[in-house]
Amino acid sequence: MSSGNAFNDALTHRHTPAPIDMAELRRYRQGSGAPAATLESVTRQARRLTLHWSDGRTGQFPMMWLRDHCACDQCRHPLTRERLYKLLDDPLWERFEGDDALASFEFDANASTLTWQDGHVSRFDAGWLYQRCPGEELATLLPTPTPWPTHFTPSHVSHADFVDGSDGRSRWATALLRDGLVMLDQGPCEQEEVSRIAESIGPMRSTNFGGRFDVRSVPNPNNAAYTAIGLELHTDLPNWRQPPDIQLLYCLENDAEGGESSFADGFAAAETLRAENPEAFRVLSETPIDFRFQDDGHDIAVREPVIDLDGEGRPREIRFNNWIRDTLSLPSDQIEAWYDAYRALWQILRRPEGRVELTLEPGQMVAFDNRRVLHGRNAFDPNTGKRHLQGTYLDLDMLQSHLRVLSR
Ligand SMILES: C[N+](C)(C)CCCC[C@H](N)C(=O)O
Ligand SMILES: O=C(O)CCC(=O)C(=O)O
């Protein structure tokens, strides 16, 4: 990119979050100082310690776990706080299964100190242990993805609040992780603003469409987004083994007639399908089909189901993109059932009460979870005005990381 330097300068000047206090970071990683209930008693059983806190919580900690989680400077790198202790090389390890690996222990309200048979001393903050009781769910700083209710309206954050170091960024990231869709309003109509926003969160995720792409009608399009036709609700790049997680679309111009945007929550639609038509849900979640994109230089293809479920049967990913769905290659006795199921999901996606419809304003950016929320647009008439969006993708890991850092 010829404007690379100016671009990087702009990045550092405009959107870099405050520098990190490393001492603070170490305290955070070590987990000490977290306010929690105080320790009331510690008792020793074969192979474990049982801790009781003042609010009634009880935790059983296997000796092995305690030794492995020692936070002293020999066991954790003093600067990075990453683990140095290697359980495979600890001669004492075998004895954690027995009763004699621990020589002695002491505790007070805020900490517990363990002396092992080889003389090593491990000190645990009571609040740190409280938050990590085996079997208790670990507190997470991240919001839980929540299906849209009918007539859902997305959260809006102003561009000014996003960049000025107040809580705009965390409100934006929280809404995006929770709802899978969030609007950023009243930003500048500047080329590459979407790249600056993306790079302030993490590296842009490149695909066969580049790192940052322009959505507008062009003479020799390699993909439907680069024409003026309407785009039915879809997810991008379902033909990749790992489709991009987060999509940012920044509107620079939207004067043409038409081109209104729509969105639908694929997880909510999948749950509606499960409730209304369990057989269709089963077919779409159990039948891998082919997705394929081809142009002069690419032929990118996968075989995956439309609804991918996690180990507990909850939707984890939706792949829905009618124009790059490849030849339906199934045994003939499965083909009609698959089409019936696909139509049933598609009909649910089209229901007005499940959709968010809006017209992007110049300076407005929409961000959405591309593996959950489908997006589409109406056809526009390029003879009536210009329509230009700039977009890019981000990894979910970077968005989650960003919110955790903002929460420190
Ligand atoms: C947004 N951008 C144009 C980069 C990608 C659009 C991809 C849409 C679809 N998966 C396809 O491959 O046609
Ligand atoms: O033009 C739009 O509003 C959306 C474009 C789109 O769907 C895409 O780029 O994948």
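This is a predicted model: local features need pLDDT of at least 70, side-chain atom pairs count only at pLDDT 80 or more; totals for chains, interfaces and linings use all residues.
Which side chain has an N or O atom 2.7 Å from an oxygen atom of ligand 2? That of Arg387.

A side-chain N or O atom of His234 sits 3.1 Å from an oxygen atom of the ligand. His375 also brings in a polar side-chain atom, at 3.0 Å from a ligand oxygen. On its own, ligand 2 has 290 Å² of accessible area, and the protein covers 95% of that.

Where does the shell come from? We have Val215, Ala225, Leu231, His234 and Asp236, then His375, Arg377, Arg387 and Leu389. By class, that shell splits into 4 nonpolar, 2 polar and 3 charged residues.

Next, ligand 1. The shell here has 13 residues. Asn223, Tyr226, Leu237, Asn321 and Trp323 come nearest.

Now the contacts of ligand 1. A polar backbone atom of Leu237 lies 2.8 Å from a nitrogen atom of the ligand. Asn321 uses its side chain, with an N or O atom 3.1 Å from a ligand nitrogen. Trp323 also uses its side chain, but towards an oxygen atom of the ligand, at 3.0 Å. How much of ligand 1 does the protein bury? The figure is 98% of the 370 Å² that the ligand exposes when taken alone.

Let me step back to the whole chain. There are 408 residues, and 46% of them are buried. The chain holds 11 helices and 22 strands. The C-alpha trace spans about 80 × 60 × 40 Å along its principal axes.

The record places "Gamma-butyrobetaine hydroxylase-like N-terminal" at residues 42–130. In the model, that stretch is 12% helix and 36% strand. Its end C-alpha atoms are 13 Å apart. The other annotation, "TauD/TfdA-like", covers residues 152–393 in the record. That stretch is 26% helix and 31% strand, with end C-alpha atoms 24 Å apart.

On to the core. In soluble globular proteins, nonpolar side chains tend to be buried together. In this model, the largest nonpolar core has 28 residues. Which members touch the most others? Leu273, Leu284, Val306, Phe320 and Trp338 do. Several elements each supply at least two residues of this core: helix H8 (266–276), helix H9 (278–286), strand S14 (289–294) and helix H10 (332–350). H10 gives the largest share, with 8 residues.

Now some single residues to look at on screen. Take Arg81 and Gln186 as a pair. Arg81 is in the loop between helix H3 (63–68) and strand S4 (102–107). Phi of Arg81 is near 65°, which is positive, and the residue is not a glycine. Gln186 also has a positive phi, near 60°, and is again not a glycine. Its place is the loop between strand S8 (181–185) and helix H7 (193–199).

Are these two residues buried or exposed? Arg81 has a relative accessible area of 5%, under the 20% cut-off, so Arg81 counts as buried. Gln186 has 70%, over the 50% cut-off, so Gln186 counts as exposed.

Last stop, His402. Find this residue in helix H11, residues 396–406. His402 is buried, at a relative accessible area of 8%. Which side chain does His402 meet in a polar contact of 2.9 Å? The side chain of Arg169.

To recap the two ligand sites. The protein covers 95% of the accessible area of ligand 2. For ligand 1, the protein buries 98%. The side chains of His234, His375 and Arg387 reach oxygen atoms of ligand 2. Around ligand 1, the atoms come from the backbone of Leu237 and from the side chains of Asn321 and Trp323. That's the tour.

Technical notes: Residues are numbered from 1 along each chain as its sequence is written. Chains are lettered from A and ligands numbered from 1 in the order in which they are written. Side-chain values use heavy atoms; hydrogens and water are left out. A residue is near a molecule or strand if one of its heavy atoms lies within 4 Å of it. A polar contact is a pair of N or O atoms within 3.5 Å; within protein, one must be able to donate a hydrogen and the other to accept it, and residues adjacent in sequence count only if both atoms are side-chain atoms. Accessible areas come from the Shrake-Rupley method with a 1.4 Å probe; for residues, only the protein chains shown count as cover. Ala, Val, Leu, Ile, Met, Phe, Trp, Tyr, Cys and Pro count as nonpolar, Asp, Glu, Lys and Arg as charged, and the others, Gly among them, as polar. UniProt positions are given in the numbering used here, feature names are shortened, and annotations may be inferred rather than shown by experiment. Helices (H or I, at least four residues) and strands (E, at least two) are DSSP runs, numbered from the N terminus. A nonpolar core is a set of buried Ala, Val, Leu, Ile, Met, Phe, Trp, Tyr and Cys residues joined through side-chain atoms within 4.5 Å. Buried means under 20% relative accessible area, exposed over 50%, partly exposed in between (1.4 Å probe, protein chains only).
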